[in-house]
Amino acid sequence: MAAFSAIFFTASCKKVGVKDMDEETLPKKIGLDIPSNFPKATDDPDNPLTEQGVALGRLLFYDTRLSGSNKLSCASCHRQELAFSDGVARSNIGESGQPLPRHAPALINLAWAKSGLFWDGGSTNLESQAFGPLTSADEMHQNLSELEDELKAIPDYVKRFKDAFGTGIKSASIVKALAQFERTLISANSRYDKYIRKENGAALTDQEIRGMALVNTKCHSCHSGELFTDDGYHNNGIDSDFSNASLDGLFQGRSRITYNLLDLGKFKTPTLRNVSLTAPYMHDGRIKTLKDVLEHYNRGIQVSPTTDVLLFQNNGEAGIPLSLQDKSDIIAFLNTLTDEQFVRNTKFNKPNLP
C-alpha cells in the first residue's frame, strides 16, 4: 500500500445547509482518505467537510485577527512541528498573561474524537470547543461580534464564507470552518504504521517490537487501538487529594462536567501518537519526560477512591511494574509513533493570509 497522506476525494454536495446557491457554486463535499489500519470515521451531518470550508478553516487557524489583540492565533498554542501542541506545561501567552489552568493538548486525529473535547470533556464537539479559546480572557479574549465585523472588512474572507457556507460572516460559521480544518489533521504515517501496513519492507527493531508488546500488555486498556486512545476518562493517580478541586477545575477532571464525585481526577486519555513531540505530559504538563511518565506508572501512583483499577497491576497493589529494560523498550517503541510527514505536511502549514 502506498504511503498514507491526507488526500481528499470530491463529490457534489447538494445538502450542506446552504441557501440560494446554484449547482455550480455549491461547496464541494470531501471525504477523508482513511488509512487501512484505522477505524472508520463518520462525517458530522451538521458540518460536512467541504473543500471551501477546510481551506477557510486553515486560514482562520493561523490568522491572528481571531484574537482581541490581533497577536494570537490558534497556531500560537498548536504548532505543527510539535504535532499541534505547544511544548510548555501551561501557556501564559494569552491576553491576560496568566498561565492557563491546563496543558494545551495536541491536535491529532480529531475526526475520531466522540466523547468530548478538552481534558475534561467540557465540549461536545470541535465546533463548540472553539468558542472556549476564542472568548477566554486567558487565551484569545475576542469579542465575537467585533471579530465578525473585522473579518467582514476583508473582501477575500467575505467571498470565502459565502463560498463555504452560502452566508455572511457569522461566529457559528467561523467555528465550523475551524472544525473542518482540524478534522483533516490525520496522523497515520509513522514508522509503526508502515510496519503494520507492511509498506515497502518497513521494519521495527527487536527492541521496538519488545516495546510494542509491553504497550499492548500494560498500557493497551487506555491507549487502545490504532488511535492509541480509548477516547475515555481515567484517574491515573497523579493526585490523591482533591480538597482544592474547585481551583479553576484544575484537579476536578471529568467531575467538573458530570458533577459526579466518582469522576474526580479523571482526565481524557491522550493519544500516544507523536508522543515524543508533545512533552511535557499530563493535563497540567507536570511531567517533563517519557522516562518520568513511565516511572510514575511504575512507582509513583497516588491512590484515591477514583484511581483507575487498571493501574493495580502489581499483585493487586497500585503500579505497573517496569524494569529499566522495559522502560527503554517502551520508549523505543513510542518513538516509532512519530509521524514526520504529519508535522511537515504542507496542507497543514501556514498559508498566505488575506
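M282 counts as buried, at 12% relative accessibility; buried means under 20% relative accessible area, exposed over 50% and partly exposed in between (1.4 Å probe, protein chains only). Phi of M282 is near 80°, a positive value in a residue other than glycine. M282 is found in the loop between β4 and α9. Helices (H or I, at least four residues) and strands (E, at least two) are DSSP runs, numbered from the N terminus.

The loop between β4 (267-268) and α9 (290-300) also holds P280. A cis peptide bond, with omega about -5°, joins A279 and P280. Most peptide bonds are trans, and most residues other than glycine have a negative phi.

## Basis of the model

The model is predicted: local features need pLDDT of at least 70, side-chain atom pairs count only at pLDDT 80 or more, and totals for chains, interfaces and linings use all residues. Residues are numbered from 1 along each chain as its sequence is written, and side-chain values use heavy atoms, with hydrogens and water left out.

## Overall fold

The protein chain has 11 helices and 4 strands. Its C-alpha trace spans about 65 × 55 × 30 Å along the principal axes. With 354 residues, a compact globule would have a radius of gyration near 20 Å, and the 21 Å of the protein chain agrees with this. The radius of gyration is taken over C-alpha atoms, and the globule rule is 2.2 Å times the number of residues to the power 0.38.

Of the 354 residues of the protein chain, 51% count as buried. The chain exposes about 16600 Å², of which carbon and sulfur atoms supply 52%; accessible areas come from the Shrake-Rupley method with a 1.4 Å probe, and for residues only the protein chains shown count as cover. Among contacts (heavy atoms within 4.5 Å) between residues at least 6 apart in sequence, 66% join residues at least 24 apart.

## Two further residues

N70 lies in the loop between α1 (51-62) and α2 (126-135). Phi of N70 is near 60°, a positive value in a residue other than glycine. N70 is partly exposed, with a relative accessible area of 35%.

R344 lies in helix α11 (residues 340-344) and is exposed, with a relative accessible area of 58%. From C-alpha to C-alpha, R344 and I287 are 26 Å apart in space, and they are 57 residues apart in sequence.

## Cavity and pocket

On a 1 Å grid over the protein atoms alone, a cavity is a set of points where a 1.4 Å probe fits but cannot get out, and a pocket is an open set with protein on both sides within 12 Å along at least five of seven lines; lining residues have an atom within 4 Å of a point. Grid points are joined across faces, edges and corners, and a volume is the space filled by probe spheres set on the points. The count comes to 1 cavity of 30 Å³ or more. The largest cavity has a volume of about 40 Å³ and is lined by 10 residues, of which I238, D239, F242, G265 and F267 lie nearest its centre. This lining divides into 4 nonpolar, 5 polar and 1 charged. Ala, Val, Leu, Ile, Met, Phe, Trp, Tyr, Cys and Pro count as nonpolar, Asp, Glu, Lys and Arg as charged, and the others, Gly among them, as polar.

The second largest pocket has a volume of about 320 Å³. Its lining comprises 18 residues, of which T42, D43, D44, A111 and K114 lie nearest the centre. By class, the lining of this pocket has 10 nonpolar, 4 polar and 4 charged residues. Strand β2 (residues 28-32) gives the most to this lining, with 3 residues.
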